[in-house]
Amino acid sequence: MSEQRPHSPCIGVCQFDAQGSCLGCVRDAGQVMAWGRLDSGQQAALMAGALRQQCLQQRPYLARLAQLPILEQVLHRLDRVPQGKGWNHAQLADLLPDRPPVESAVLVGLVPRASGTQVLLTRRTEHLRNHGGQVGFPGGRIEPDDRHPAAAALRESAEEIGLLPQQAVTLGFLDPFITITNYRVLPLVAVIDPAFVAVPSPDEVAEVFEVPLDYLMDMGNVHARTLDWGGKTRSVLEYDWPGQRIWGATAAMLANLHQRLQQA
């Protein structure tokens with residue numbers, strides 16, 4: 001379990017709006033410049049005080065996320081990116097190629113609605129070479145220009161569904177996950193502005209939809225199924241959600257979110 005700490009949406013990459021506030025972490029230029037001169041105690045005090053108030057004022061939807069206090073305790077910190085081969089690596093070790101995995105990041109978007117927290121998911125277009133037609137989170141490979149995995153997840157989300165930096169507050173990471181296609185995925189959990197209207201990229205995304213978090217965190221709605229890969233049998237998870245097939249890596253990452261929430 002990550003240590004308990006005040007909320008900080010900073011990912012170390014700042015872009016400023018017309019009012020001089022960072023689109024990601026809401027700090028002004030002076031606070032950004034002074035950050036490195038503060039010790040950890042002063043940073044924690046600033047995050048718990050002025051920065052938190054600034055964030056809540058500029059992103060009022062954040063306070064409406066019922067799971068926020070728990071998530072702040074159980075996610076990996078943004079400034080301590082989780083390492084390791086992936087929590088499921090041992091299950092796939094005999095199926096993975098003998099080369100480094102492709103580093104990637106996805107956005108696990110939580111939308112605080114009056115009816116409860118929703119999880120934002122996409123269905124990829126059928127013609128894509130990799131995972132065509134499958135349900136997943138927006139995201140993709142981490143490019144050399146991405147200074148932080150969270151920046152990669154946000155960039156990919158902007159490209160795929162039109163999500164702007166000021167429409168999301170990043171919270172932290174789930175555990176790394178390795179896919180059977182040799183992608184090492186860092187799932188970034190973020191709170192999405194309920195006013196956000198998705199604009200799917202027609203080349204990549206066929207549909208954007210939401211599923212209640214409570215449904216996805218009820219393991220009674222998940223079942224295991226087996227499939228053959230390279231002549232070997234493996235077990236994967238699948239949700240019974242009407243009209244969409246939520247399974248494989250996406251279901252496994254949601255199960256990891258459930259596991260972390262249970263640690264609080």
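Predicted model: local features only at pLDDT ≥ 70, side-chain atom pairs only at ≥ 80, totals over all residues.

Colleague: Okay, which residues of H2 are buried?

Modeller: Gln 43, Met 47, Leu 51, Gln 54 and Cys 55 are the buried residues of H2. Helix H1 (29-35) and E5 are among what covers them.

Colleague: Where is the kink in H2 centred?

Modeller: On Leu 51, and the kink is about 45°. Leu 51 is also one of the buried residues of that helix.

Colleague: And Ser 40, buried or exposed?

Modeller: Exposed, because its relative accessible area is 61%, and the cut-off for exposed is over 50%. Ser 40 lies in H2, which covers residues 40-58.

Colleague: Let's go inside. How many residues are in the largest nonpolar core?

Modeller: 37, and Leu 171 and Leu 216 have the most contacts inside it. Several elements each supply at least two residues, including helix H3 (68-74), strand E1 (102-113), strand E2 (116-124) and strand E5 (168-173). Helix H6 (213-216) and helix H7 (248-261) are also among the suppliers. H7 gives the most, with 6 residues.

Colleague: What does Leu 216 touch, leaving aside neighbours within four places in sequence?

Modeller: Leu 216 is in contact with Val 119, Val 211, Tyr 239, Ile 246 and Leu 254. Apart from that core there is another, with 19 residues, and Val 205 is one of them, along with Ala 150, Ala 152 and Ala 168.

Colleague: Switching to aromatics. How many aromatic pairs are there in the whole structure?

Modeller: The search finds 3. Take Tyr 215 and Tyr 239: their ring centres are 6.4 Å apart and the planes make an angle of 40°, so that pair is tilted. Tyr 215 is in helix H6 and Tyr 239 in strand E10 (residues 232-239), so the pair ties together parts 24 residues apart in sequence.

Colleague: Are those two tyrosines buried or exposed?

Modeller: Tyr 215 counts as buried because its relative accessibility is 18%, and Tyr 239 is buried at 2%.

Colleague: Which ring pair is edge-to-face?

Modeller: Tyr 215 with Trp 241 is one: the planes are at 65°, so the pair is edge-to-face, and the centres are 4.9 Å apart. Trp 241 sits in the loop between E10 and strand E11 (246-247), while Tyr 215 is in H6, so this pair joins parts 26 residues apart in sequence. Trp 241 is partly exposed, with a relative accessible area of 23%. Ring pairs link Tyr 215, Tyr 239 and Trp 241 into a cluster.

Colleague: What about Trp 247, which charges lie over its ring?

Modeller: Arg 225 lies over the face of Trp 247, 5.2 Å from the ring centre. The charged end of Arg 245 sits over that ring too, 4.1 Å from its centre.

Key
Residues numbered from 1 in each chain as written. Heavy atoms only, no water. Core = buried A, V, L, I, M, F, W, Y, C linked by side-chain atoms within 4.5 Å. Buried < 20%, exposed > 50% of the residue type's maximum accessible area, 1.4 Å probe, protein only. Helix = DSSP H or I, 4+ residues; strand = E, 2+ residues; numbered from the N terminus. Contact = heavy atoms within 4.5 Å. Phe/Tyr/Trp six-rings, centres within 6.5 Å; stacked < 30°, edge-to-face > 60°. Lys NZ or Arg CZ within 6 Å of the ring centre and 35° of its normal. Bend = angle between axes of the 7 residues up to and from the residue.
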